[in-house]
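User: Hello! I am new to this protein and would like a friendly tour. Could you show it to me and take my questions?

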Amino acid sequence: MSYDQICQKIGSAIFKIGSNVTAMQKLVVQLGTPGETPNVKKQLDTKRSEVQRSIESTNDMFRQATDMCKEGSQQEQKSRKIQVERLKQQFSEAIQKFKKYQLLEADKERAAVSRMRSRTTSLRNEISKQPNVDTAYADNDSLMDDDTSPLIANVRPRGFSRESNLERQQNLAQLQEFSDDLETTTAMINEREESIRKLETDMVTVNEIFREIGTMVYEQGDMIDNIEHNVEVARDRVDDGVVQLEKASEYQNKYRKKVFVFLGILILFGIVLGIIIWLSTKKKN
């Protein structure tokens, strides 16, 4: 895969991460509210898992792109490093936003577990208050079932058996309801605690990637600064060379002028001297 293809895939992955995090935001805010449904939880788990996988795969692509920044000419290396640094900044921002909603989801899950634990405590208290149905009604049942006893048959109020059985059935139904509720709530607590543990593991992984990207951006920035510094130094040296050449050209022009002036003076002196010699020779003749 070429450098340009990797950068294109990185850009697409960052965009996808941002879209999924936005979808997560809408789902996370529903946790702990009447809008929370099993479907909401399922969608949130799916989106979070997709983002987690995208972040890990994108981080691997960044390692490849960073290695490719060392290839090519100095100008190509500089251009690539600037491009990768810009992508890493965008990636860091996407991770930061994802971490925010990871943390919010974990907090809401912990709050839900806390409420459920309070619920289980209340249910256990209610169960402990229920009478022992078997012992509470055992004597009455034996009396009610003993139709051979003329004493019981004569003194037992009418409706005693029906009322006792009804009360017993009601207590049994309520006890069963509390037990079922306790069992369901306990199962939900276990499920949410498992979700919290997975969230915490994912958060550790994302934090490590975030720190790695931050370090890579810092080092990349130093490399770019060094390249730019070298370019500036070279540019300054070229400018100094141009100045020196201009000065040399100026000195050369001045020197030529001086030579021309000197030659002019010599020529003029020669002419004057020639005239004087010619006049002196003429007078003698």
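Predicted model: local features only at pLDDT ≥ 70, side-chain atom pairs only at ≥ 80, totals over all residues.

User: How many helices and strands does the protein have?

Analyst: Helices (H or I, at least four residues) and strands (E, at least two) are DSSP runs, numbered from the N terminus. Along the sequence the pattern reads α-α-α-α-α-α-α. The count is 7 helices and 0 strands.

User: What share of the residues in the protein is buried?

Analyst: Buried means under 20% relative accessible area, exposed over 50%, and partly exposed in between (1.4 Å probe, protein chains only). Of the 285 residues in the protein, the buried share is 28%.

User: How much of the accessible surface belongs to carbon and sulfur atoms?

Analyst: Accessible areas come from the Shrake-Rupley method with a 1.4 Å probe, and for residues only the protein chains shown count as cover. The protein's total is about 19,100 Å², and the part belonging to carbon and sulfur atoms is 55%.

User: Among contacts with a separation of 6 or more, what share joins residues 24 or more positions apart?

Analyst: Contact means heavy atoms within 4.5 Å. For the protein, that share is 85%.

User: Are helix 1 and helix 2 roughly parallel or roughly antiparallel?

Analyst: Axes are lines fitted to C-alpha atoms, for helices over the stretch in contact, and angles run from 0 to 180 degrees between N-to-C directions. Angles under 35 degrees count as roughly parallel, over 145 as roughly antiparallel, 65 to 115 as roughly perpendicular and the rest as oblique. Helix 1 and helix 2 pack at about 155 degrees, with axes 9 Å apart. The pair is therefore roughly antiparallel.

User: Which classes of residue make up the contact of helix 1 with helix 2?

Analyst: Ala, Val, Leu, Ile, Met, Phe, Trp, Tyr, Cys and Pro count as nonpolar, Asp, Glu, Lys and Arg as charged, and the others, Gly among them, as polar. This contact has 18 nonpolar, 5 polar and 5 charged residues.

User: Are helix 1 and helix 3 roughly parallel or roughly antiparallel?

Analyst: Helix 1 (residues 3-28) packs against helix 3 at about 20 degrees, with the axes 10 Å apart. So this pair is roughly parallel.

User: Is the crossing of helix 2 and helix 3 left-handed or right-handed?

Analyst: Helix 2 (residues 38-68) and helix 3 (residues 74-129) pack at about 155 degrees, with axes 11 Å apart. A crossing is left-handed if the near helix is turned anticlockwise from the far one by less than a right angle, and right-handed if clockwise. Here, the crossing is left-handed.

User: Why does Gln102 count as buried?

Analyst: Gln102 is in helix 3. Leaving out residues up to four places away in sequence, Gln102 touches Gln52, Leu199, Asp202, Met203 and Val206. Gln102 counts as buried because its relative accessibility is 1%.

User: Is Lys26 buried or exposed?

Analyst: Lys26 lies in helix 1. With 56% relative accessibility, Lys26 counts as exposed.

User: How far apart are the C-alpha atoms of Asp45 and Met24?

Analyst: Asp45 sits in helix 2 and counts as partly exposed, at 31% relative accessibility. Asp45 and Met24 are 21 residues apart along the chain, and their C-alpha atoms are separated by 9.0 Å.

Note on methods. Residues numbered from 1 in each chain as written. Heavy atoms only, no water.
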